[in-house]
Amino acid sequence: ERGRGGGFLGIGSAKGGSPYVIVMIGINGVGKSTSLAKIAYYLQSNQCSPLLAACDTFRSGAVEQLNVHASCLSVPLYHQGYAKDPSAVAKAAISRAAEDGNDVVLIDTAGRMQNNVPLMKALAKLVKETKPDLVLFVCEALVGNDGMDQLTMFQKALTSGGHSRPIDGIVLTKFDTVSDKVGAALTLTHLTGVPIAFCGTGQKYNHLKPLSVPF
């Protein structure tokens, strides 16, 4: 069954009752944590019970930022502080969600530039070990041509090293700032085949819209 969660997510009991796992990835400063919180709100609105996992154990303030979102949304946050193995934190969060009855785990990851090989390897390790149901790539709607390079390099990192786990969808932030200049969105999807799942349209938690394009 994949009936809950609404739209692109369609969350159900895909893994024998285990929580549905979503990993958010992307470069520094594109709004991953805020987008994760918006998706948590979206899930709550669609009869889901999410848990947030603070797996950015590198950036100072990352855990505290996610804790503010968790408090505002009244959702649980799992964290182990800083300087920990993100993969281990993510796996522990999934176990905690299963114990506590949360049906979705939203994993926040550290931002990293697409050409930072050690950090990209660490991200690939997290994705490989947690086996997420969904990997969402977050980028700005104003990114321009660099967005293609970002997406390609992240995709390459996740599909190298003897395993294959492609990116499932794109979250475009700051979509309310681009007016009719949607070239980046069209290019990213057309050249990679990765669909746009959500567009961020403002600062509030409900300012997240599933992309719906009539044919």
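Contact here means heavy atoms within 4.5 Å. Helices (H or I, at least four residues) and strands (E, at least two) are DSSP runs, numbered from the N terminus. This is a predicted model, in which local features need pLDDT of at least 70 and side-chain atom pairs count only at pLDDT 80 or more, while totals for chains, interfaces and linings use all residues. Residues are numbered from 1 along each chain as its sequence is written, and side-chain values use heavy atoms, with hydrogens and water left out.

**Confidence**
- The mean pLDDT of the chain (the predictor's confidence in each residue, from 0 to 100) is 86, and 87% of the residues score at least 70.

**Sheet**
- An open sheet of mixed pairing is formed by eight strands, in the order β3-β2-β4-β1-β5-β6-β7-β8; two strands pair if DSSP finds at least two bridges between them.
- Its edge strands, β3 and β8 (208-210), each pair on one side only.
- Strand β7 (residues 196-200) runs antiparallel to β8 and is joined to it by three bridges.
- Cys-199 has Lys-209 in β8 as its bridge partner.

**Helices on the sheet**
- Helix α3 (residues 86-100) packs on the sheet and touches β1 (20-25), β2 (50-55), β3 and β4 (104-109), its direction making about 165° with that of β2.
- Angles run from 0 to 180 degrees between N-to-C directions, and axes are lines fitted to C-alpha atoms, for helices over the stretch in contact.
- Helix α4 (residues 117-130) lies across β1, β2, β4 and β5 (134-140), at about 170° to β1.

**α1 with α2**
- Helix α1 (residues 32-44) and helix α2 (residues 62-73) cross at roughly 20°, and their axes come within 10 Å.
- On the α1 side, Ser-33, Thr-34, Leu-36, Ala-37, Ala-40, Tyr-41 and Gln-44 meet Gln-65, Leu-66, His-69 and Leu-73 of α2.
- This contact of α1 with α2 has six nonpolar, five polar and no charged residues; Ala, Val, Leu, Ile, Met, Phe, Trp, Tyr, Cys and Pro count as nonpolar, Asp, Glu, Lys and Arg as charged, and the others, Gly among them, as polar.

**α3 with α4**
- The axes of α3 and α4 are 9 Å apart, and the helices pack at about 25°.
- That angle makes α3 roughly parallel to α4.

Terms used. Angles under 35 degrees count as roughly parallel, over 145 as roughly antiparallel, 65 to 115 as roughly perpendicular and the rest as oblique.
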